[in-house]
Amino acid sequence: MARALAILTLAAAPLMTQTSVYAAPPGPAASAQQSATNQAGTNQAKAPWRDVTPREGLAGWRATGGKASYAFENGELIGRAEPGKTNSWLVSEAQYGDFIIEFDAKTDPALNSGMMIRGQSRSDYRDGVVHGYQAEIDPSSRRWSAGLYDEQRRQWLYTLGRNEAARQTFRSGDWNHYRVEAIGNRLRTWINGVPAADVVDDVDARGFIAFQVHAIPDAEAARHPEVRFRKVRMITEAPARFAMPATGLPEQGWLTNRLSEGEQRAGWKLLWDGKTGAGWRSVKGQKFPASGWSMADGALRVEGGGGGGGGDIATTRDYRDFELSIDFKLTPGANSGIKYFVDAGLLKKGESIGLEYQLLDDERHPDAKMGRDGNRTLGSLYDLIAAKNLSDPDSPGKRINPPGSWNRAVIVVRGAHVEHWLNGFKMVEYDRGSPAFRALVAQSKYAGVPGFGEGKQGPILLQDHGDRVEFRSIKLREL
């Protein structure tokens, strides 16, 4: 499918391009990294690896979920797709906490797959379906293999939307080598030796491993495409001793209202401490609202009720170049927004005019059908640019967790260039002040606001639109 939204400029620099752990720049830092890599290689040779490839008869494993078949042939575990709408899994009876696992995988170009780590299948969670962390095997043109996906829960925890090096190393239809380290609350992956994902999360500390055969359309499944695994080996004895050195890959932190050590080193700061109104004020005054907003159970909540009684809140300081990450939870039919580069002059008058990352229940709120071409839907630059899935044009729908579930909004500003991300997918890209941007403003409700969206800096603002919405893990790093 053709890209639905034209990028307003091609002048922006790429964001956080990843490099292989084996390709450090020259100089002392490169020598230190090469030394660490060499030591890691020595450690791997001495590591207490043990083979855990499922064998003939698949003793110690059970198939669950869909109808795919699993068999051991010529040293390989083979999963064959069958018609059906449910993902299939071959699940280990053994449970694992901290470990390192390596394996080779090859899949039919039509068949998605993955390796689940610390998997769960509880009877109290969605009818006992298999869920948990999954190292992705993605033969599509997206090529997000070794990205980390949270099956049946939060969806993507770490896409390869900003990791071109890992994307390019994947060989569709051929064998690829995977490495996953699950040590403490940190999960790291590699694909063919290239760092792919780095996540810090504290949901599951222990679980099974499992091999996936993803459900595909019946017409494709009827020819029984295959995914193959071989040379599956694990380290379960003191795996931290055999972990790979630092890669320089940015961490994605999923700790509620906390920063990992890696995030702190990268310059992330919490904008909300999870408990108080420190750092925020009402746009109607200098203090945090006395009513209309509440803080409980690690969430900052605008109470709603239709009156907008608490009013919008804004940070007490301004920001210029930044990456902002906010987890949000909508209620059915809710409307809210995250505003940035709010006009300081109008803010003094109690008016919250600025660029807005739209937060909306697209399915139920009438605003989704207003504006132009969907430019008031979730993730959009409100009333200016409609959110479209720019990361995965072949599968253009938004990846949205429904009302009552958490989603993640990210806004990146580098100079004039701005991006909106939703749950790991790029939704909007534009340049403030460009001719294309000004043309959009001229057609919008902001046409009469001089210099709209072009200020040098401004506060971050959370909107009270009269609906109940929750926020947490509000963090920002200045670029």
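Reply: Two strands count as paired if DSSP finds at least two bridges between them, and strands are themselves DSSP runs (E, at least two residues), as helices are (H or I, at least four), numbered from the N terminus. The model is predicted, so local features need pLDDT of at least 70 and side-chain atom pairs pLDDT 80 or more, while totals for chains, interfaces and linings use all residues. Residues are numbered from 1 along each chain as its sequence is written, and side-chain values use heavy atoms, with hydrogens and water left out.

Me: What is the strand order in the open sheet of seven strands?

Reply: Strands of a sheet pair through backbone hydrogen bonds, either parallel or antiparallel. Here the order is 2-5-14-7-8-9-10, and the pairing is antiparallel. Strand 2 (61–65) and strand 10 (155–158) are the edge strands, each pairing on one side only. From one strand to the next the twist averages 30°; the axes behind such angles are lines fitted to C-alpha atoms, for helices over the stretch in contact, and angles run from 0 to 180 degrees between N-to-C directions.

Me: How many bridges join strand 7 to strand 8?

Reply: Strand 7 (residues 113–120) and strand 8 run antiparallel and are joined by six bridges. In that pairing Gly 114 faces Glu 136 of strand 8. Next, strand 8 meets strand 9 (residues 148–151) over four antiparallel bridges, where Ala 135 is opposite Leu 148. Strand 9 then pairs with strand 10, antiparallel again, through three bridges, and Leu 148 stands opposite Tyr 158 there.

Me: Is strand 8 mostly covered or uncovered?

Reply: Buried means under 20% relative accessible area, exposed over 50%, and partly exposed in between (1.4 Å probe, protein chains only). Strand 8 (residues 131–137) is mostly covered, with seven of its seven residues buried.

Me: Which strands stand at the edges of the open sheet of five strands?

Reply: That sheet has the order 18-21-28-23-24, with antiparallel pairing. Its edges are strand 18 (280–282) and strand 24 (355–360); each has a single partner strand, so one side of each is left without a neighbour in the sheet. Strand 18 runs antiparallel to strand 21 (residues 313–315), with three bridges between them, and Arg 281 is opposite Ala 314.

Me: What is the phi of Ala 238?

Reply: Most residues other than glycine have a negative phi. Ala 238 has a positive value, near 45°. Ala 238 sits in the loop between strand 15 (226–235) and strand 16 (252–253) and is partly exposed at 43% relative accessible area. Ser 473 also has a positive phi, about 50°, but lies in strand 29 (residues 469–478) and is buried at 3%.

Me: How many salt bridges does the structure hold?

Reply: A salt bridge is a side-chain nitrogen of Lys or Arg within 4 Å of a carboxyl oxygen of Asp or Glu. The structure holds 39. One of them joins Asp 204 and Arg 153 (2.8 Å, N to O). Asp 204 lies in the loop between strand 13 (194–200) and strand 14 (208–213) and Arg 153 in the loop between strand 9 and strand 10, so the pair ties together parts 51 residues apart in sequence. Asp 204 and Arg 153 are buried.

Me: How many residues apart in sequence are the parts tied together by Lys 475 and Glu 263?

Reply: The closest N and O atoms of Lys 475 and Glu 263 are 2.7 Å apart, a salt bridge. Lys 475 belongs to strand 29 and Glu 263 to helix 4 (residues 261–265), so parts 212 residues apart in sequence are tied together. Lys 475 is buried, and Glu 263 is too.
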